[in-house]
Amino acid sequence: MIDDSLYAYMNEILSRIPLEFYRYKYNQIDWDSRLVGITGPRGVGKSTMVLQHIKKHQTDGSHLYISADHIYFSTHTLVGLADDFVKEGGTNLYIDEAHKYKGWSRELKQIYDVHPDLRIVFTGSSVLDIQKGEADLSRRALMYHLQGLSFREYLEMFYQFKVPVYTLEEILAHQVVVPGLSHPLPLFREYLAKGYYPFSGEGGFELRMGQVISQTIESDIPQYADMKASTARKLKQMLSIVSGLAPYKPNSENLAVEIGVSKNNVPEYLVYLEKAGMIGQLRDCTGGLRGLGKVEKVYIDNPSLMTVLAGGKPDIGNLRETFFYNQMRVANDILSSKESDFVIGKYTFEIGGHNKGRKQIENLPNGIIVKDDIEFGHGIVLPLWQFGFNY
């Protein structure tokens, strides 16, 4: 029999969940699939998105939401919960932060195999690899990855400017329009400082960000990678060093000396930080497939994280590049450029401020100048803020 306190816990949380704004990924998810996994960095809204779905569809079957770190699991198992839930007519089970439950993948596999009529949605840290868990869920689970707010989403969530997603081609054709917003730059500056995270409107942003960083590096990554506490401290030290240099051309030997590890460990540590949403690694085209090329630059993952790590005073040039890379990677294969900053498809992008010239791209057939500090563009000159409408 399901403990009534679990339903009370779910209903209490649901009572506080708004339905006015949905993340870009919400309508892309096949919620009717038997097993759905949603991963992403801490604080980007995975739990809220799942709870919105429950609240919106409460009358369609029987739903139960539970966090995997709930005290209930100190004396119960996921398998036992699912068995009882199905016996009582349960149809939809939602397991938040599944990575906090030891043996989660093995038990999810068992639940999936034993209860063919039960729909399961689970969320987890972005460092999760469903193929490397105790049980390979890759043939069973539909996996989705959620990033933080785009500038477009930030305007809708906090200022009710509802604007559609624009493709890269539409952005380059100067088609981005935000009805009612005459001067976007003040809100763009606000977004860069804290807008990537949905909790930015709740107060105490810097303190919350400190918790996100600490929990990611001291808990999520070590728990997944079975790291010692001393290794987690090395990761934190690495993030601190990279944050002062990014965009940074990776040098394994120098970084290894700085934090006192073998240079062979450096690429692995950078991948963990990348998967966890702390950094981004810009690659070249040598890999043939997306994400397999040589790493040319290491960025802090997003402008808001960069601002916090820089004590509120990030380098503006680096911040501009970080924003462009962060916003465009969701829907595009973005690569490093030998001649300029970035390449997406046939286009080469040079990022700069109001006075940025055309010298670096003047001989390129599809060169684009992306300028900060301008409201509108013309020809091959585009405002930086408009690239925040691609997802």
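Strands β11, residues 367–371, and β12 pair in the parallel sense, with 3 bridges between them. If you want a place to look in this predicted model, find V370, whose bridge partner in β12 is L382. That pair of strands belongs to an open sheet of 5 strands, and the order is β8-β9-β10-β11-β12. The pairing across this sheet is mixed. Now, which strands stand at the edges? They are β8, residues 334–336, and β12, residues 381–383. Each has a single partner strand, so one side of each is left without a neighbour in the sheet. From one strand to the next, the twist here averages 35 degrees.

Let's move to another sheet. This one is also open and built from 5 strands, in the order β2-β3-β4-β1-β5, and its pairing is parallel. Its edge strands are β2, at 63–67, and β5, and each of them pairs on one side only. The twist in this sheet averages 15 degrees from one strand to the next.

I'd like to go inwards from there, starting with β1, residues 35–40. How many of its residues are buried? The count is 6 of 6, so to speak a mostly covered strand. As a reminder, in a regular strand the side chains alternate between the two faces of the sheet. For β1, both faces are covered: L35, G37 and T39 are buried on one side, and V36, I38 and G40 are buried on the other.

What does β1 pair with? With β4, residues 119–125, it makes 6 bridges in the parallel sense. Along that pairing, T39 stands opposite G124, and G40 stands opposite S125. With β5, residues 142–145, β1 makes 4 bridges, and those two strands run parallel as well. There you can pick out V36, which stands opposite L142.

Now to β4 itself. Of its 7 residues, 6 are buried, so β4 is largely enclosed by the rest of the structure. How does the chain get from β3 to β4? It crosses through α4, and this β-α-β crossover is right-handed. Helix α4, residues 104–114, packs on the sheet and touches β1, β3 and β4. The direction of α4 makes about 170 degrees with that of β4.

Last stop, and this is the helix I promised: α9, residues 229–245. It has 17 residues and reaches 25 Å from its first C-alpha to its last, close to the 24 Å expected at 1.5 Å a residue. Which of its residues are buried? They are T231, A232, L235, M238, L239, I241, V242 and S243. And what covers them? The cover includes the helices α8 (205–225), α10 (252–259), α11 (266–275) and α12 (303–309), together with the strands β6 (279–283) and β7 (295–300).

Notes: Residues are numbered from 1 along each chain as its sequence is written. This is a predicted model: local features need pLDDT of at least 70, side-chain atom pairs count only at pLDDT 80 or more; totals for chains, interfaces and linings use all residues. Side-chain values use heavy atoms; hydrogens and water are left out. Buried means under 20% relative accessible area, exposed over 50%, partly exposed in between (1.4 Å probe, protein chains only). Two strands pair if DSSP finds at least two bridges between them. Axes are lines fitted to C-alpha atoms, for helices over the stretch in contact, and angles run from 0 to 180 degrees between N-to-C directions. Contact means heavy atoms within 4.5 Å. The expected span of a helix is 1.5 Å times one less than its number of residues. A crossover is right-handed if, with the strands pointing away from the viewer, the path from the first strand over the helix to the second runs clockwise.
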